[in-house]
Amino acid sequence: MIAPDAVPYLPRGVRLHRDHVRDRWVLLAPERTISLDVIGHAIITELDGSSGFAQIVDRLAAKYDAPADQIAGDVQQFLGQLAERRFLEVRA
Amino acid sequence: MKVPAPLAMLAELTHRCPLSCPYCSNPVELAARSGELTTEEWISTFKQAADLGVLQLHLSGGEPATRRDLTELVKGARDAGLYTNLITSGIGLTEKRMHELDAAGLDHIQLSLQGTDAEMADRIGGYRGGYERKMQVAGWIKEIGFPLTLNAVLHRQNLHQLPRALEMAVEMGARRIEVAIVQFYGWAMLNRNVLMPTREQAKEAERIVAKAREDLKGTLVIDFVPADYHSDYPKRCMGGWGTTGLNIAPDGQVLPCHAAQTIKHLKFENVRDKPLADIWYQSDAFNTYRGTDFLPEPCQSCDRKKIDFGGCRCQALAVAGDASATDPVCVKSPFNDKMRALAEDFSADEAAEITYRTAAG
Ligand code: SF4
Ligand code: SF4
């Protein structure tokens, strides 16, 4: 679980990339390419290296006009999977 | 079948290498330095690859650091928009050069490990002092902060070192380790009797990897390439022939996989003569084994054919004598008994001596 004030960020070697040939956003990581849907892309672009988890959730909730606790669950799951595969770091 | 665009490209910048690993996947007939693509030719190939849909570029060899223009090539690849991974033994990299690679935008380093101590590593790599140098390079990688994958190639001589290799990956700060049990292509074919793991070793490695995946969850990601002579089903080689990736040989030949040159009836096109896109979509070498239509029984009526595409063409040729045959690793192959017998015999050959890879001219 990522704590509300912990800061999730993409470590060096993981970066967002526009795949023009396939008309999509991807996350490029060592030996892996992760295709991002609209929501995944929205979450990744919120990772600015200084915002805490709760802040990110609030911004997404406002942007998509959805309840924060529902968004929190989705973001937690999405980022949790990235962290487990070491595509994401979290600063306490 | 609609042909998808490739995602990954392996650029074998050179076949030259200071090491002489007996399992080197380079072909036994090595390409000479004089025939290597120039800096401009490589960079043009990177651009074409990116336009074609390639996202990930692996700079490999031989030892890519033997190319003096490595930094320029990395920069060219990054400018083309490619995720750039350097696959290296570390030999030939100095601290200064690594800072230059950093400035050029290198995304990731994959460092090969021949053994977990100098005695083993230098014996397998056939290069004295290589291990010590590699450890120095690992230190610089950590200092500069390059994301690192440790690439441990394991076989009968060093499989007992797997637990230590996992520890070393963590100590080096690697996020990932590739635990690859040696695959038999190129020079490894000449050394099957030295390298073939025993069935027990292969099983033990699977247990160690499964346990380490649990213990190191969130710390170290472990990719595992099992011992395929001891497996029941073949691997999906290259993600499927002509579907996911391509290789460029040092002289510019475009290959569907690094061992494809062993299939003598295939004719390979060269980036010096034709646009990369034409070669990918239209050349015979890519089209001959694309999809599953060419496969014989038992594959044709097998429900795994979309999973493994009948396995590896080069292995089918090497063991079954026919490149379109079912990979003999498969329990359903008529040659599977032969494969198993080979594995047994090779793994029991205790008097076997290493045939080192020779130097590229
Ligand atoms: S496998 Fe060994 S000999 Fe072959 S290129 Fe790699 S380091 Fe060099
Ligand atoms: S029969 Fe062919 S398709 Fe089926 S598992 Fe074996 S190799 Fe794969």
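**Figure 1. Area buried between chain A and chain B in the predicted model.** Chain A and chain B bury about 2,000 Å² between them, and 48% of this lies on carbon and sulfur atoms; buried area is the accessible area (1.4 Å probe) that two parts lose on being put together, summed over both. A:R12, A:E31 and A:R86 supply 36% of the area that chain A buries against chain B, more than any other three residues. In terms of contact, defined as heavy atoms within 4.5 Å, 21 residues of chain A meet 35 residues of chain B. The model is predicted, so that local features need pLDDT of at least 70 and side-chain atom pairs count only at pLDDT 80 or more, whereas totals for chains, interfaces and linings use all residues. Residues are numbered from 1 along each chain as its sequence is written, chains are lettered from A and ligands numbered from 1 in the order in which they are written, and side-chain values use heavy atoms, with hydrogens and water left out.

**Figure 2. The side of chain A that touches chain B.** Between the two chains, 14 residue pairs (both at pLDDT 80 or more) are in polar contact, that is, a pair of N or O atoms within 3.5 Å, where within protein one must be able to donate a hydrogen and the other to accept it, and residues adjacent in sequence count only if both atoms are side-chain atoms. Strand 2 (15-19), strand 3 (24-29), strand 4 (32-36) and helix 3 (68-84) of chain A each supply at least two residues of this side; helices (H or I, at least four residues) and strands (E, at least two) are DSSP runs, numbered from the N terminus. Strand 3 of chain A gives the most, with four residues. The residues of this side divide into eight nonpolar, three polar and 10 charged, with Ala, Val, Leu, Ile, Met, Phe, Trp, Tyr, Cys and Pro counted as nonpolar, Asp, Glu, Lys and Arg as charged, and the others, Gly among them, as polar.

**Figure 3. A salt bridge between A:R15 and B:D107.** The closest N and O atoms of A:R15 and B:D107 are 2.8 Å apart, a salt bridge being a side-chain nitrogen of Lys or Arg within 4 Å of a carboxyl oxygen of Asp or Glu. A:R15 lies in strand 2 of chain A and B:D107 in the loop between helix 3 (95-104) and strand 4 (108-113) of chain B, so the pair joins two chains. Both residues are buried (buried means under 20% relative accessible area, exposed over 50%, partly exposed in between; 1.4 Å probe, protein chains only).

**Figure 4. Two salt bridges within chain B.** The side chains of B:E29 and B:K264 meet at 3.7 Å, N to O, and this pair links distant parts of the chain, 235 residues apart. B:E29 is exposed, with a relative accessible area of 59%, and B:K264 also counts as exposed, at 62%. In the salt bridge of B:E204 with B:R207 the closest N and O atoms are 2.9 Å apart, and both residues lie in helix 8 (residues 199-215) of chain B, three residues apart, about one turn of the helix.
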